[in-house]
Amino acid sequence: MARHGERLLMAVLLAAAGCEKAQTGSNGPVLLEFAVFEGGYGLGWHERASRAYEEATLGVRVSLWGSPRVSEKLRPRILRGNPPEIALCDLPIWLLMQGGKLRPLDLSRPAYGQPGKTWGDTFLPGVLDLTTYQGHCLAIPTEFGGWVIWYDQKLWRDRGWQVPRTWADFERVCQEIKRAGIAPFAFQGKYPSYAIGTFFGLLQRAGGLEAFAATQNLEPGAWVASPAIQAARLMQDIALSYFDPNCMALSHIESQMEFVNRRCAMVACGLWLKHEMEQNTPPDFELSCFDLPPLRDDVPYMWQGGGSHLCMVFRDASHAEQAEDFLRFLTSRSNMAKWIEHSGSLAPVRGAADDVALPPDLKAAKELMDRAAYSFQSRLSFFYPGLGQTMVDQIRFLITGQCRPEAFCQAMEAACQAVRENPRIPKAPPMEVPARFRRASP
Amino acid sequence: MRPSRGMIAVFLLPAVALYTVFVLIPALSAFGYSFTDFTGVTRPRWIGLENFTELADTGSDFTAALLNNLFIILVPGTATLLVALAFAFFIDQQLHGSRLFRVVFFFPNILPLAATAALWILVFSATDIGAVNRVLRAMGFAPAQFMSSANLLRSLVPILVWGGAGFYMILFLAAMSSIPSTLYEAARMDGAGLWHQFRHVTLPLLRDTIAMCLIFTIIGGLKFFDLIWIFEKQHPTRDSHVVATLIYSMAFNQYRSGYGAAMSIVQFVLILAVTLVSLKLFRKERLEY
């Protein structure tokens, strides 16, 4: 408290003396309000970055606050036109982008701590696509989320199971695990959306990036084409044959407990798993990960992942320009390296992971990232929350055997058609498939 | 001394002001939003009756949720009333230990909802902590997924009966205690056994109380929200959504506040209709004794 006061006094004195300071429009220090979703990662990294920015930038104070319900608290403020400067939470960014509530970010500004590079240059390819609208980037990811299959190296080594490289290997190892009296897969059944990641991974392997993009772009026939049907069949087969039989009554924590207690051999989840289960993981548990094996030789390996933990600057905020500068600082390579250390997850900034001594689990994830020809992530829930909910409902029917794979695909095709034909639903910019991943014939 | 009109107004003002600010204005706003495409973060646009037309679609999530409400009213609701009536009747017989049972049966009503949910998770969980599944496993049966979305409504039946029977039992007991003992004496002199006394004396004289309990059950069933929200970890599915959880999901998870408002208007109309019908029933001829 005393340090704050001291710094404030210093800033005021320097400002009075005409020293360089941020553009305030008044003589007081610039106060940036930074609202953050307070979940499993806590606020430690945000707090340290905020204080570092204050020290690096004269006359600026960052007022950081977090809450698990931050989005609900911000909604009335956004409507009233007095939002905070920056928010890092799960607000409906697509609606805010549409409604002109977010400040377009100038990615041509120089990158923090990387001379000769622009801010935009520092990001991994494709991670800004989701939040780029009409040529403007309107939100920045502060995490690179990836979807993997987690396993315990010790358990697998003790049992003589091998990480599968081909689909035949995958089926073989699942059978071996089952014969050993262990459920091959834990599944977070109370949240059927966890199956969506696996489904889209299978879809990419069955039909390449084009088949995946077709579903994301709501192209007619995309969901009833053979790659989608093949992916649905495999998804159902995995679920009915290899999922923990009790899984549909278990929450994410309960099912992941089955995994860390070695009653299930694998679990498909995002990179956050380690952090989420840290308190309950036995000390001899050797967490590592691999990805779904290929289904075809002519489809290059791609990792399902992309930017997440999106951070936005509000157009109506009092100090939006200064907030953009803070965001530039927050996503600098050195800060992102600190994020990796703090969260045990990856970052959307090039080279950030190279500056950190990665633990084995994250090293395995990083190898997937480096090996991948491209990364992809579903955008359906982001742009069309209603369609996302339909997919959750339908995939639950699929994995519990309540519908056939063809019926699942037809239901999704119908839902996409309804969205496509509804003029009230604003359509997302299409997902582009780079030319090198386009195939002459599917 | 009769207080002046001005004095009455002064004392009423705080309550009226609070009611206006926190109930009337939001309710009227919700009515207005139901005709818009309000998302909760952007300016609403007028779309007329579109939200209501969507609600009227028989294949909609709303229809599925309403049917789930109907299940809650008909199955656990009816079972709760029957169990409460039976408990009240036997306790009213002043059998040995009836005082203790009165407390035991009412006990679930004093538990906070979160505690009730935690308690039943210990009973129904599919993990090692689930008591029923432990017994099933010990008997060589496969564990059941009581808490899965597909089974949740059925699993709620014992929970709701356990949680609600005590409250209705107290209402029935109060009503039974006001029935003159002379009526039972007369019935006994005419050779009526316990069942006939219940059927021909108790039940007809409880008509008003039963009607009131039925109305509570229907209104409670239409407003049902909390246990589904807790057991489904805030993510109910089409199998488990009731109208109130669907309203919340639409308004806050899918950012369709306008559509959510339309659903809440329909819910309000349904509850209003039940209340009006019940008032009419209460006004019917009353039995005097």
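How many helices and strands does chain A have? Chain A has 16 helices and eleven strands; helices (H or I, at least four residues) and strands (E, at least two) are DSSP runs, numbered from the N terminus.

This is a predicted model, in which local features need pLDDT of at least 70 and side-chain atom pairs count only at pLDDT 80 or more, while totals for chains, interfaces and linings use all residues. Residues are numbered from 1 along each chain as its sequence is written, and chains are lettered from A and ligands numbered from 1 in the order in which they are written.

**Figure 1. Overall view of chain A.** The C-alpha trace of chain A spans about 75 × 55 × 40 Å along its principal axes. Of the 442 residues in chain A, 49% are buried. A residue is buried if 20 or more other C-beta atoms lie within 10 Å of its own, exposed if 12 or fewer, and partly exposed in between, with C-beta atoms placed from the backbone.

**Figure 2. Confidence along chain A.** The predictor's confidence in each residue is the pLDDT, from 0 to 100. Its mean over chain A is 91, and 93% of the residues of chain A reach 70 or more. The pLDDT is below 50 over residues 6-25 of chain A, a stretch that has 27 contacts in the model beyond near neighbours in sequence. Two residues are in contact if their C-beta atoms, placed from the backbone, lie within 7 Å.

**Figure 3. The two domains of chain A.** Domain 1 (2-138 + 308-366) and domain 2 (146-302 + 376-437) are given by the domain assignment of chain A; such bounds come from an automatic or database domain assignment. The centres of the two domains, taken over C-alpha atoms, are separated by 32 Å. In the contact between them, 14 residues of domain 1 of chain A meet 16 residues of domain 2 of chain A. On the domain 1 side, helix 4 (93-98) and helix 13 (360-371) of chain A are the elements that give two or more residues. Helix 13 of chain A gives the most to that side, with four residues. By class, the domain 1 side has eight nonpolar, five polar and one charged residues. Here Ala, Val, Leu, Ile, Met, Phe, Trp, Tyr, Cys and Pro count as nonpolar, Asp, Glu, Lys and Arg as charged, and the others, Gly among them, as polar.

**Figure 4. The largest nonpolar core.** A nonpolar core is a set of buried Ala, Val, Leu, Ile, Met, Phe, Trp, Tyr and Cys residues joined through C-beta atoms within 7 Å. The largest one has 182 residues, and those with the most contacts inside it are I86(A), W150(A), F185(A), M235(A), M312(A) and F172(B). Helix 7 (residues 194-216) of chain A gives the largest share of this core, 13 residues. Both domain 1 and domain 2 of chain A give residues to the core, so it lies between them. Leaving aside neighbours within four places in sequence, the contacts of I86(A) include L32(A), F34(A) and C311(A).

**Figure 5. A268(A) in strand 8.** A268(A) lies in strand 8 (residues 264-270) of chain A. With 22 other C-beta atoms within 10 Å, A268(A) is buried. Beyond its neighbours within four places in sequence, A268(A) is in contact with residues including W147(A), F185(A) and G197(A). The C-alpha atoms of A268(A) and G197(A) are separated by 8.2 Å, although these residues are 71 residues apart along the chain.

**Figure 6. Two residues with positive phi.** Most residues other than glycine have a negative phi. Q134(A), not a glycine, has a positive phi of about 50° and sits in the loop between strand 4 (132-133) and strand 5 (136-137) of chain A. Q134(A) counts as exposed, with 8 C-beta neighbours inside 10 Å. L218(A), also not a glycine, has a positive phi of about 55° and is found in the loop between helix 7 and helix 8 of chain A. L218(A) counts as buried, with 24 C-beta neighbours inside 10 Å.

Figure 7. Chain B has 13 helices and zero strands. Its C-alpha trace spans about 75 × 75 × 35 Å along the principal axes, and 33% of its 289 residues are buried. The contact takes 23 residues from chain B and 26 residues from chain A. The chain B side has nine nonpolar, ten polar and four charged residues.
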